[in-house]
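Dear colleague,

Please find below the structure that I am handing over to you. My notes on its aromatic contacts and its backbone follow.

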Amino acid sequence: MDFNEAVQQLLDPNEGSICKASLDAILVQESTWERKHTLLAVVKCVPKDEDAFFVFTHNGNINSGLDLTICNIIPIKGHFKYSYHVENKEIGSYIPMQIITNNLQLNFEVVYNQNTSSFVAQMKDSTFNSISKITKGISPQFQWLSKYTNQAGRSPMLYTTTNSQSQRPESQGHPPAINFPPQSTQQQRNNPFIQTNVFSSPAQPNTRPTSYVNPHAIMDHYINVPVDPSAPSQDLQLRRKHAIKEPRTASLIDFDINSSAYAELDLMGNQGSSFKSYVNKNGSNFQESQGNSSFYLTSESMSSKSTNQSSLGFEDNFADLNVHKTNTSFPSITESNLLKAKFLSRSLDGLESDTGYAKVKPIVKPAGVREEILKRREEEYTYPHKFKIYVGTWNVNGQNPVEQLNPWLTPLDHIPDMYVIGFQELDLSKEAFLFNDSPKEEEWYKAVEHALHKKATYRKVKLIRLVGMMLIVFVQESHYPFVNNLMAETVGTGIMGKMGNKGGVAIRFNFHNTSFCFVNTHLAAHVEEFERRNQDFHDICQRMMFERDNGTSLSVYHHDILVWLGDLNYRIDHYDSEAVKMYVEKGEFDWLYQKDQLHNQRMQKKVFVGFDEGKITFPPTYKYDTGTDRWDSSEKQRAPAWCDRILYRGVNSRDIRQLDYKYNKELKLSDHKPVSSNFEIVVKVIDEKKYRDVVEEEIRNQDRVENEALPQVTLENNQLEFKDVKFMDPREKKVSLANTGQTGVHFKFVNKLDDKHFCKPWLKVEPSEAYFLPGDLIELTVRILVDKNTAAALNSGDDKIEDILVLHLENGKDYYISINGNYIPSCFGASIEALTKMHCPIRDMDPKDVIALEQGSSGSNNTQRFDIPKEIWMIVDHLFRKGLKQEDLFRQEGLKLEIVDIKNCLDFGIPEEIPGSIHSVAETLMLFLESLREPVIPYKYYQKCLDSSNNFILCKQVLAMIPPCHKNVFKYLTAFIRELLFNSDDNKLDAKTLSTMFGGLFLRNPNASNDKSARTSLSVARKKASFVYQFLINEYDD
């Protein structure tokens, strides 16, 4: 949303208040270097002809005025001053800005661009307007600001142009479907989902800017937000003393609107020049003098010659942003392709002859030349340059950062160009596990920020977190302009493939002309679970996809440099704890390494194929007694292991060289030791002159070829048949596409008429879009996978294994690929109603009979029903007999192969014993419930359940409305959950965890795609959990 519109929603139009300009900024607390997202605005009351400076806080995402909170309001009048510093700054870099009054100093960082220029111009205009009124003897009152002072730090009030009544967000929306009786005090005490100290709504999340300026950088005289250099030191100390301490604290708002007519204004000219003007309050004369950067009002008499003289300000530095040089010409480029090469006039003209790295500038890639073509010729226009990259990983065991991280993060022998820091088990709380909500993210971020190398200035590239896994990338500020195509993704490999207690987070980007990907993971625990760790690794590789704007995606392997770090949890095989400790004491690491699970799995090529790992010359990093260097002395006496690892691979192995690989012994707050590795990586830096030559040549070639020939391809097969497709049984076929023409071909699979996607949801094609040259051949992979989201429609006959793919050639014709097959019905994806009528296994039934049951055809309603589906009874009975006391039940994921075996048993009949581990059976139950065609609580009652979630009486009333078979399943499963809670001393489960897990299974949003924000999703998840919780703590009887 436009920032001006968001601010305008908070202004009363009836009094004529308008937002003249707004600017996104970072509010900086100079004493602690804390940063907050803010939105600055210049607001004008038109009838009063008065202007004010508004500061709003927000969470980093502004969709409407409801996302803004008033933090500070400063009338633009006496004692208002602003300053900034733009010397030698590149477009897009951060610059400091400062707002000062007599008793307040606000320090900001803003992006150096055209929008900032416009905002400063509005501030200048408002300031001069105030000065003009003062010189005429008009004293501004600013009484219109009083209504906004009351909103400081509170929920915002929205105004509309048709109604002067203010609207608070809680007054909006639809009335609940059920009348709520008051919740009893006892119920409030017993329900943790309505206790503010357990599951209360989160406060505004802490956020960070994309920029970080190290206060200890070698630029000794660098001040993050500079002040007037001519100001006396005493005045400087006074201003710093009044630096804002917490932007959300309403008491810091300055409303001293009756002070004397005195104004300060700091302006810098294009060449660094400045001026000092004095204004007589009783006159209208101005005078300029050079040598000072401040603008004061005094009582001295002035001349009038500068009254109409324009003042150069910050905005004047952007005068040439959009101006193309008229003497730039490209005689080799045809008229039709001038648009394709217009980037040349901005980024390739006027280059320095020095091609050394210090002279390199960011370039704008051309839109008229295919990236694939330029990639093939990159050796012609790039040269290698070496960079130092520091990579660190640490499992912090849920601890707070009470130790300084400098011993770990500050190498002694060099200054890193880039930092890549990964954490695991950042937060072990239930809130983090269930809702991915953690205050420790900010704490650990600040700890890392303050421990970066003191002899350089770093800027944050990206931070991403999933529950306890967090990954942060920093680069030196001078390198930041060369980082582009930044993306981040997460993959949960916990139970149901989405619980983020295990999994991975990744960040990818291009640095110069080299692509990087960093993956931070936490894999399955326990010595015997190496196969589950292998499965986690392959799941992450398969599911970690970076979606690009053109609809295509990149996997982790589609990068020049790939670094994998984290707590991989592989252990040392065959030896007990004491034996391993003995070999560690002797320093026989090589011998122990031969027993290392990760080493052995790599040797068998089961995981990390193509990766390298440095020689391990340090003791195992796990497990220690917290706060010591002693090995685990707990009852379990876990054997030491190298759980924490860093592996790497490069498309060209010569481009990445590991300088060291070590652990840090000084940090002791966790039961793991941090691990680090420094790399020297060869990056392809673009020589802009050579790049220009290649671009010109390719544009000429492209013009000539496009005029000579049309694209032509040969498709190997346009009819693909998939027989007997099954639930969770992936199938794929390959199709070759050859470029048999004389020109490059750009192809893309396009949507059919009225379709939102080019293929059905159970179908996937890779690549879906590509460009290839004459003589090249591309292999298309067509995959089918029926999962929990697509099985129901195939079971009921609403969908079939049939589709047509439209392959479109740019400037050419379309090709059609036909997909046909048949689906074998499964109890996964069936409805509860149909399952209760199936007296035999579903695989013994004719598919037509299954469809008849699903569609409720005549005759099917007369069939005798079971109280609950036999499949649910079989799974729950097995868990009841063998899993009530199992620790980590419903928390630890199962094995995919075992889950498929269990699914087949349920489809084919009643086995004497369900195969697989108890964890695989537990995950199968959750998968079965999530695959149901209609959830346990039918869709039509979804909203009523949310509305009544905090009142047990209303919850019972809703449950009485649902069909009997659904109600029976709900009662049966909640009774089983209560049995689990009776054994909580053994299985370590609790009501909040189980109610949250099953709440999401029992209650599924019929319009899941309409969840608008993370906060909305979090609120809904808590309501679902609260609804189930009511039936766990209260006895339910029809």
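**Aromatic contacts and backbone geometry**

Phe952 is buried, its relative accessible area being 7%. Please bear in mind that the model is a predicted one.

The ring of Phe952 pairs with that of Phe1031: the centres lie 5.4 Å apart and the planes stand at 70°, which is over the 60 degrees required, so the pair counts as edge-to-face. Because Phe952 belongs to helix 25 (residues 952–959) and Phe1031 to helix 29 (residues 1014–1033), the pair ties together parts that are 79 residues apart in sequence. Phe1031 is buried as well, with a relative accessible area of 1%. Both residues belong to a cluster linked by ring pairs, which consists of Phe890, Phe952, Phe970, Phe998, Phe1002, Phe1027 and Phe1031.

Across the whole structure, the search finds 42 aromatic pairs. One of them is formed by Tyr445 and Phe474, whose ring centres are 6.0 Å apart. Their planes meet at 25°, so this pair is stacked. Tyr445 sits in helix 12 (residues 440–451) and Phe474 in strand 11 (residues 469–476); the pair thus links distant parts of the chain, 29 residues apart. Tyr445 and Phe474 are both buried.

Charged side chains also sit over aromatic rings. The charged end of Arg649 is placed over the ring of Phe611, at 5.7 Å from its centre. Likewise, the charged end of Lys733 lies over the ring of Phe722, 5.5 Å from the centre of that ring.

Turning to the backbone, most peptide bonds are trans, and most residues other than glycine have a negative phi.

- The peptide bond from Tyr622 to Lys623 is cis, with omega near 0°. Lys623 is in the loop between helix 16 (597–603) and strand 18 (644–650).
- Glu766 and Pro767 are joined by a cis peptide bond with omega of about -10°. Pro767 is found in the loop between strand 25 (763–766) and strand 26 (769–772).
- Phe142 is not a glycine, yet its phi is positive, near 60°. Phe142 is located in the loop between helix 2 (114–135) and helix 3 (146–149), and its relative accessibility of 3% makes it buried.
- Lys605, also not a glycine, has a positive phi of about 60°. Lys605 is in the loop between helix 16 and strand 18, and with 63% relative accessibility it counts as exposed.

With kind regards

Definitions and conventions:
Residues numbered from 1 in each chain as written. Predicted model: local features only at pLDDT ≥ 70, side-chain atom pairs only at ≥ 80, totals over all residues. Heavy atoms only, no water. Phe/Tyr/Trp six-rings, centres within 6.5 Å; stacked < 30°, edge-to-face > 60°. Helix = DSSP H or I, 4+ residues; strand = E, 2+ residues; numbered from the N terminus. Buried < 20%, exposed > 50% of the residue type's maximum accessible area, 1.4 Å probe, protein only. Lys NZ or Arg CZ within 6 Å of the ring centre and 35° of its normal.
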